[in-house]
Amino acid sequence: YTVVEPLGTLFLTDYLEKHGHEVDLTDYQSLKQTDGYDLVGFSILTGSHNQMFKIADEIRGKAKVVIGGPHAISFADDCKKHADFVVRGFGEKLLLKIANGELPEGIYSEADPPTDSFISQKTRNKLYLDEKRKNNVLKNVITTLCCPFQCTYCYNSIVQKEFPNYKHLPRPVDTVIKECKILMSYPLKVIVFQDDTFGVDLPWLREFKEKYKKEINLPFHCNIRIELATEERIGLLKEAGCISVTFAIESASEKIRRELLKRHMTNEQILQGIAILRKY
């Protein structure tokens with residue numbers, strides 16, 4: 001049972017509660033009634049947006065609706081037709097201002113990330129009220145904000161053009177280790193790191209390897225870019241406890257990757273990376 005846990009929403013939950021607000025966390029399918037809520041927020045992905053808009057329309061009038069997430073980056077005006085507030089970019093600071101009643105209804109953008117992102121045990125407990133999630137032995141952590149690459153099919157390529165401060169930023173290793181320790185209080189066999197590209201920053205990865213191996217020492221899975229699969233990087237992953245990785249090439253054609261997708265990796269680099277993965 002593999003599932004991507006809603007880490008972005010968990011960060012928002014923790015941030016609001018740290019600043020004095022009460023937050024409930026639920027899957028939208030389980031949202032039967034909204035009595036008593038001041039705000040109901042959705043993080044929306046393109047593809048599921050029409051379904052989410054319908055739910056938002058049913059809630060408006062009973063509670064103020066906030067829409068954020070990747071879909072709001074490119075389609076803020078469409079989102080505003082179904083929401084009182086639309087948040088583009090990093091949501092923590094803006095969502096707090098909305099919850100504080102400091103902003104009138106409208107569309108808002110935030111380019112600067114928070115400096116203290118964390119998911120506490122209290123917030124994890126909210127997620128794991130769902131027994132299936134709690135008992136799932138694969139649990140998720142994310143170690144960076146944003147992705148250093150700009151593949152054309154990914155919303156990162158759009159965000160980075162508009163928000164120059166929206167860039168790859170590793171979280172402090174100690175913060176990541178602290179979150180991993182929290183996960184160890186639930187059923188857990190493998191930690192799945194959800195970064196688009198894990199371990200890009202080698203000094204960070206060296207520190208992570210030492211502390212993760214000493215303080216966590218659990219198998220983990222991560223996503224990598226195959227052209228970054230160097231001897232040192234993959235060796236560090238292996239030493240830290242990595243048991244498997246996911247990587248994508250999107251197309252076997254160098255021309256399509258280079259000119260259409262902006263993925264600047266050669267076939268030779270892909271094959272070299274695979275050889276190093278097999279070695280370790």
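Leaving aside its neighbours within four places in sequence, with which residues is Arg258 in contact?

Modeller: This is a predicted model, in which local features need pLDDT of at least 70 and side-chain atom pairs count only at pLDDT 80 or more, whereas totals for chains, interfaces and linings use all residues. Residues are numbered from 1 along each chain as its sequence is written, and side-chain values use heavy atoms, with hydrogens and water left out.

Arg258 is in contact (heavy atoms within 4.5 Å) with Arg263 and His264, once its neighbours within four places in sequence are set aside. Arg258 belongs to helix 12, residues 254–261; helices (H or I, at least four residues) and strands (E, at least two) are DSSP runs numbered from the N terminus. With a relative accessible area of 38%, Arg258 is partly exposed, that is, between buried (under 20%) and exposed (over 50%), for a 1.4 Å probe and protein chains only.

Beyond four places in sequence, the residues touched by Phe193 include Val141, Phe198, Phe208 and Tyr212.

An open sheet is formed by 4 strands in the order 1-2-3-4, with parallel pairing; two strands pair if DSSP finds at least two bridges between them. Strand 1 (39–43) and strand 4 (106–110) are the edges, and each has a single partner strand, so one side of each lacks a neighbour in the sheet. Strand 3 (residues 85–89) and strand 4 are joined in the parallel sense over 5 bridges, and Val87 has Tyr108 in strand 4 as its bridge partner.

Finally, consider helix 8 (residues 155–162), where Asn156, Ser157, Val159 and Gln160 are buried. Seen down the axis of helix 8, its buried residues fall within an arc of 165°, so they line one face of the helix; the arc is that of the directions from the helix axis to the C-beta atoms. These buried residues of helix 8 pack against helix 3 (70–74).
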